[in-house]
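Please open the model in your viewer and keep the selection tool ready. Each stop below says what to select and what is there.

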Amino acid sequence: MFGFATLILLLVAILWFYAIKRRSDDSPLIRPNAWLCWGGLALPLLSITVLLLIGIPVGQRMLPLADDNALKIEVTGHQWYWQVYYPGHAIELTDELHIPVNTPVYLQLTSADVIHSFWVPRLGVKLDMLPGRTNVLRLEASEAGIYRGQCAEYCGLGHAHMQFSVIAHEQAAFATWLKEHSADD
Amino acid sequence: MTWRRWCEPGHPAQLVLGFSIWSIWFIAMYAGLSVVCQLAAPAPADSAGNWLNYTLWGLTLVVLALLLLLAWRGWRYCCSGQNGSGTPRFIGYVSTVLYLMAALATLVGGLPVLVLPPCI
Amino acid sequence: MTDMKKATASAADVNKLAQIWANLPGWGSLAAVNHSTIGLRFMVTGMVFFLIGGVLAMLIRTQLALPEQSILSADVYGQLFSMHGSVMMFLFAIPVLEGLAIYLIPKMTGSRDLLFPRISALGYYCYLFGGIIIMFSLLLGIAPASGWFMYTPLSSSEFSPGPGSDFWLLGITFVEISAMAAGIELTVSILCSRAKGMTLSRMPLFCWYILVMALMIVFGFPPLILASILLELERAAGMPFFTVAAGGDPLLWQHLFWLFGHPEVYIIFLPAAGIVSTLIPVFSGRPIVGYRWVVIGIILTGFISFGLWVHHMFTVGIPQLAQAFFSVASMLVAVPTAIQVFAWLATLWYGKVVFRLPMLWICGFLLIFVCGGLTGVMLALVPFNWQVHDTHFVVAHMHYVLVGGMFFPLIAGLYYWLPLVSGRMPSEKIGRWGFWLTFSGFNLTFLLMHLTGLLGMPRRVYTYEAGLGWDWLNLLSSVGSFIMAIGVAMVLLDLLLHFWFGKRASANPWHADTLEWALDMPPAQYNFASLPVVTSRQPLWHDPTLPQRIAAGEGGMTDTASGRRENWGTSAVGARAEQTLHLPGNSWWPLCSALALAVVCISLLCRWYPLALLAAIAALILLLCWSWHNGANLAPVASAADAGLALPLESQSSDGPGRWGMVVTLLANGALFMALLFGWFYLWTAAPQWSAPAEGPLPVTLLLLCGALATVALWQFNRLSRQLADGQDSHLQRQLWWCVLTGSAHFILLLSLFIMAPLAYTSSAHDAVIMVILLYLLGHAGLVVVLTLLQALRVARGYVSKQRPYEPQVIKPLWFYYLGVYWLSIALFFILPLGWGPVL
């Protein structure tokens, strides 16, 4: 996408500067309307079609379609911390989210005060947390590790420091983690 | 009657009519979708094949046909020649292209209805 | 040229003209209403606010230059970025472009002034006072700190208890009066007073751009005005429109805000593109390629830009299909832009390009804007948007579009029209330095910021940790921003210095084609000594002697016998001269009204409600007095034949610019009503905890009775105004009094219904909305009755009669509007819910 955009930018820029530098001729090769039809209509329409053909299926794959077996976790935004709750296991965490790898996790996002936005840059997902509503986000990590998460919607003084970490465990390790921590309660 | 003059192909109202129709279509699609999703959401399992998507697609086709008809009328007006060269012809030309563009915007805007499930 | 003028035109006539159009001397210039004066004041004030906004940006970049700096606290940083956005958008970009349009439009369309000169003065004062009030909050350290987008609940009284949000809501709404005023006035002026023969298809492209921009203001600003009023009501009176627990919804704010916010971007871009479309043909020495296509592109932009507001809200959890509609519309907006870019390209291609300073800025514009447009198309793609939304990638995109799409063309335009204002040429040398510094500084700052965003740096953070890979990018961005600041300072210095040191400009120095270059440099207050007649799209290229002939008095309206400011009123499409318009001269009403409104604004801020009420009443009285002295008609004017005019006066016909002004105002009003309607249905269907009482708050039968009274009043008014247009005024005054009587009965009944209604407006969003709609109806009912009453009085004084049937025709649309809105409200707010309630 970036390559294509750069190409168009270069194309327009080169044409533009050539158009300024060139001497005008009396018998133009290209008719005026051709400029408008090809550049003004065909080019953007073609680009849009390509983008949509790629984009809409990608968006569709990211949909949180109903799946009863998926792991559900409730995340609530507060000024300025994240409260994480694992229903059924009675685990409550702050600013920390443990998930298994290669498993879609359904996060139920909501807020207790102002609007926050849940974002893990390297996992490529972002969804707002609104008071009074629950948005469902599908999160999936393909590698174990620690991912940095950050509030993306301005939420007041502590916004810059409203961070959290997502810890992705191998599936077996996650099961152990889950068992250990639910046992505590 | 003023309103009848407004409907003639050379009247400046034609410049905005095409996209006004598009706007109404756009609002109807968005509002219809949102309201139905609140009141009687079709099952998400059906994906794009449910009555709501079909209705929205039907609406899109009707609006598309209307816009194309208006574009055709404007085109004939431009071609008929006896309207001289002046401003009415200019308006006829511009509004014809705008009708076509509105038809295109309607078509492209309506296509996702065929692919995406409505309420999630 | 001047010799020629002296030789042929009578010097006495020109002197008389200058005298009629002059501003008052000294402090009296505060009463000036002339469009040249007001336009320049707008632009200068806008540039001052630009400098203030720029300083805020410098502070922001200083703080972010290095990780973990503590030059600014989180609180101050919040105030700074909120104010930077608000100042640049509302106090710089829109007013400066409005100022440019106010200054240029009459000159380009061959008329002597805008049609509602006092409205432009009112707009200017509202802008100035509003801007000062907002700036004051920054001085006191209590500026709004919830972002320029003011998302609630963060901006609500619970999470922002200080007066910061109030400053934004009240101050910006006050400033918006000026945008609305300019929008209405420019629309009507472009449509109703062009040079004879300047048909729609011969209008300069700049006028098309401004026409569409003005109409976009008319439809785009009301949603924001409504949203600001609702949020202020929530903060001040506790009406819970955006509070979930009471049945409101914070998302409603976002919808209303972006319903304005996205068209706003194009409101800024269109005039700037208009500058480009004006300059490129001039420097290519040939007419633009595809005039019709550019017009198509402009209209297309105007419409489509209203269909993409939700792309600012892709991450709030809206169904994907709905997102897809907006995603497609967001991409489609690339089509009109591409049409324009290629029309410019083709014009350059076929022309012989003269590369002067303004062209340099145009080239800078092209590179930056196309880049911004391409990242914009990417952002329209929903999955990509999810990743980069609210990161520095968006900051970079937005600055590419706004600085590239607005600031660069604006500077090009300033350099281009400078000789017209001052009669001197700018320096090419300092100008080039200024350009290259600005251009390279800008790209260093914002090109890198794309990368910062992709690496995961969110927006609006006042500091960040070291070692995340953002450090060097931020440092370079900050360095770039300082280079850009030096460049901008150089440009402004150049613009300023040239007034003293610039070379004298020759007549029409750029060999331009449009009418403003037929004027003296600097232009006289009356613009044209005689009004030109236009026969082509490029009047000055077609007829190089036109300036001399205008100065020699060979055009129209050379007679100064009436002693009034005169102009032609022309038909909207064919530009045939149909009327003589008497335009108002210097007036104190705008300043006084704006002062009263400023007192309202300040006393609301300080929560001195009795004073606010008093000032509001004073403002209303002042505005009504203003309307009493309408036009230049301090006394009834003699008939056209008596005054020796070939064309009838506006007051002697039944249609004219005043009526157009009323209709356009009602369109804006209608947009506000539609936004309210949208809010009502939105809350009804989407608010998580909406609750409506089982029974309506008001008895429907009484509402119907009340409506019947209003219908009778409308019928009376319609009948009398139609009879008047047909030349009968036998019982005019009595009929008007009857109409006032019926209207008052309606008003009183509605008022008593309102007082008796059991509305729990602080605990239920439903009741709060009902309260707002009732207040809206009451306000309109009161206004229309008072205006009818004034008509009755004016009949008694002889201002309205069968020779002067105009004024009731102006008020008639308001009656129709009110009645339409009344019945619609009764149906949708009171009757529909009765049948709908059980379903939900």
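Select domain 1 of chain A and then domain 2 of chain A: their centres, taken over C-alpha atoms, are 43 Å apart. Domain 1 covers 2-61 and domain 2 covers 71-184, with bounds that come from an automatic or database domain assignment. This is a predicted model, in which local features need pLDDT of at least 70 and side-chain atom pairs count only at pLDDT 80 or more, while totals for chains, interfaces and linings use all residues. Residues are numbered from 1 along each chain as its sequence is written, chains are lettered from A and ligands numbered from 1 in the order in which they are written, and side-chain values use heavy atoms, with hydrogens and water left out.

**The sheets of chain A**

Strands here are DSSP runs of E with at least two residues, helices are runs of H or I with at least four residues, and both are numbered from the N terminus. Two strands pair if DSSP finds at least two bridges between them.

Next, take strand 6 (residues 116-120) and strand 9 (residues 145-151) of chain A, which pair in the antiparallel sense over 2 bridges. Which residue of strand 9 is the bridge partner of A:Phe118? Select A:Cys151 to see this partner.

Most residues other than glycine have a negative phi, and most peptide bonds are trans. Go to A:Gln79 and A:Trp80, which are joined by a cis peptide bond with omega of about -5 degrees. A:Trp80 is in the loop between strand 1 (71-78) and strand 2 (81-86) of chain A.

Then select A:Asn102, a residue other than glycine whose phi is positive, near 55 degrees. A:Asn102 is in the loop between strand 4 and strand 5 (105-111) of chain A.

In chain C, select C:Met521 and C:Pro522: a cis peptide bond joins them, with omega of about -10 degrees. C:Pro522 lies in the loop between strand 2 (503-504) and helix 17 (539-542) of chain C.

**Where chain C meets chain A**

Show chains C and A together. Contact (heavy atoms within 4.5 Å) links 81 residues of chain C with 66 residues of chain A. The two chains bury about 6300 Å² between them, 74% of it on carbon and sulfur atoms. Buried area is the accessible area (1.4 Å probe) that two parts lose on being put together, summed over both. In chain C, select C:Phe342, C:Trp349 and C:Tyr350, which lose the most area to chain A, together 13% of what that side buries.

How many salt bridges are counted between chain C and chain A? The count is 2, where a salt bridge is a side-chain nitrogen of Lys or Arg within 4 Å of a carboxyl oxygen of Asp or Glu. Select the side chains of C:Arg460 and A:Glu153, which meet in a salt bridge (3.7 Å, N to O). Helix 11 of chain C supplies 13 residues, the largest share of the side of chain C that touches chain A.

**Where chain C meets chain B**

Switch to chains C and B. Here the contact takes 34 residues from chain C and 33 residues from chain B. About 3100 Å² is buried between them, 85% of it on carbon and sulfur atoms. Select C:Phe303, C:Leu321 and C:Phe325, the residues of chain C that lose the most area to chain B, together 24% of what that side buries. The count of salt bridges between chain C and chain B is 0.
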